[in-house]
Amino acid sequence: MATRVRRPAEFEEMLSELRDEGIFPTFKDVLVFAAALGFRRGNRKPFQKSSEPIDLEVFRGDFDRTIMSMIAIEENSDPKMLAPSNEAERVLCFEEYANGGLEIMKREISGGKQDWREGLLSLIHREEGDQTILDDITELANF
């Protein structure tokens, strides 16, 4: 059973910068955003070297756990991923998509030397495209 969520050591400096500049209040929030971005772009990246992990208990909010669970269910096409026995796989899937999302953020924002706030807003706008919140709600209703 997983008790901690690893942070990829490769992005430790970027994670600290995003938190210290007040872009995200916590490392956990950066990872949730990055995992959603990585999943949306299909960028799941395994990693070995981890910096200080985050206690899984920190991810207890409904939103955080829902993101983690939905990514694992979609990735595996199996609603049984919600079972307590699959928690380690859910966490691993989340970690690897977060790593992929951090890679995207670094390449598209930090790599271009953009301001984090402007870069993230631009990234979100590009991801949104023609999709609206009404489209998202409609898709959920059909699920």
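Is phenylalanine 24 buried or exposed, and what is its relative accessible area? Phenylalanine 24 is buried, at a relative accessible area of 11%. The notes below place this residue in the rest of the model, which is predicted.

1. Overall make-up. The protein contains six helices and two strands, and from the N terminus the order of elements is β-α-α-β-α-α-α-α. It has 143 residues, of which 38% count as buried. The accessible surface is about 8300 Å², and carbon and sulfur atoms make up 53% of that area. Among contacts with a separation of 6 or more, 72% are between residues 24 or more positions apart.

2. Aromatic pairs. There are three aromatic pairs in the structure. In one of them, phenylalanine 24 faces phenylalanine 33: the ring centres are 5.5 Å apart and the planes stand at 50°, so this pair is tilted. In another, the rings of phenylalanine 59 and phenylalanine 94 have centres 5.6 Å apart and planes at 75°, so this pair is edge-to-face. Phenylalanine 59 is in the loop between β2 (50-55) and α3 (62-76), whereas phenylalanine 94 is in helix α4 (residues 87-110), so the pair links distant parts of the chain, 35 residues apart. Phenylalanine 59 is buried at 0% relative accessible area, and phenylalanine 94 is buried at 1%.

3. Arginines over rings. The charged end of arginine 6 is placed over the ring of phenylalanine 47, 4.1 Å from the ring centre. Arginine 7 lies over the face of phenylalanine 27, with 4.0 Å to the centre of that ring.

4. The structure has 18 salt bridges. One of them joins lysine 28 to aspartate 64, with 2.8 Å between the closest N and O atoms. Because lysine 28 belongs to helix α2 (residues 27-40) and aspartate 64 to helix α3, the pair ties together parts 36 residues apart in sequence. Both lysine 28 and aspartate 64 are buried.

5. Glutamate 89 meets arginine 44 in a salt bridge of 3.8 Å, N to O. Glutamate 89 is in helix α4 and arginine 44 in the loop between α2 and β2, 45 residues apart. Each counts as partly exposed, glutamate 89 at 30% relative accessibility and arginine 44 at 24%. A further salt bridge, 2.8 Å from N to O, pairs arginine 126 with glutamate 108. Here arginine 126 is in helix α5 (residues 116-128) and glutamate 108 in helix α4, 18 residues apart. Arginine 126 is partly exposed, with a relative accessible area of 42%.

6. A network. Salt bridges with shared partners connect Arg40, Arg41, Arg107, Glu108, Arg126 and Glu127 in one network.

Key. Residues are numbered from 1 along each chain as its sequence is written. This is a predicted model: local features need pLDDT of at least 70, side-chain atom pairs count only at pLDDT 80 or more; totals for chains, interfaces and linings use all residues. Side-chain values use heavy atoms; hydrogens and water are left out. Helices (H or I, at least four residues) and strands (E, at least two) are DSSP runs, numbered from the N terminus. Buried means under 20% relative accessible area, exposed over 50%, partly exposed in between (1.4 Å probe, protein chains only). Contact means heavy atoms within 4.5 Å. Accessible areas come from the Shrake-Rupley method with a 1.4 Å probe; for residues, only the protein chains shown count as cover. Rings of Phe, Tyr and Trp (its six-membered ring) pair if their centres lie within 6.5 Å; planes under 30 degrees apart count as stacked, over 60 as edge-to-face and the rest as tilted. A charge sits over a ring if NZ of Lys or CZ of Arg is within 6 Å of the ring centre and within 35 degrees of the ring normal. A salt bridge is a side-chain nitrogen of Lys or Arg within 4 Å of a carboxyl oxygen of Asp or Glu.
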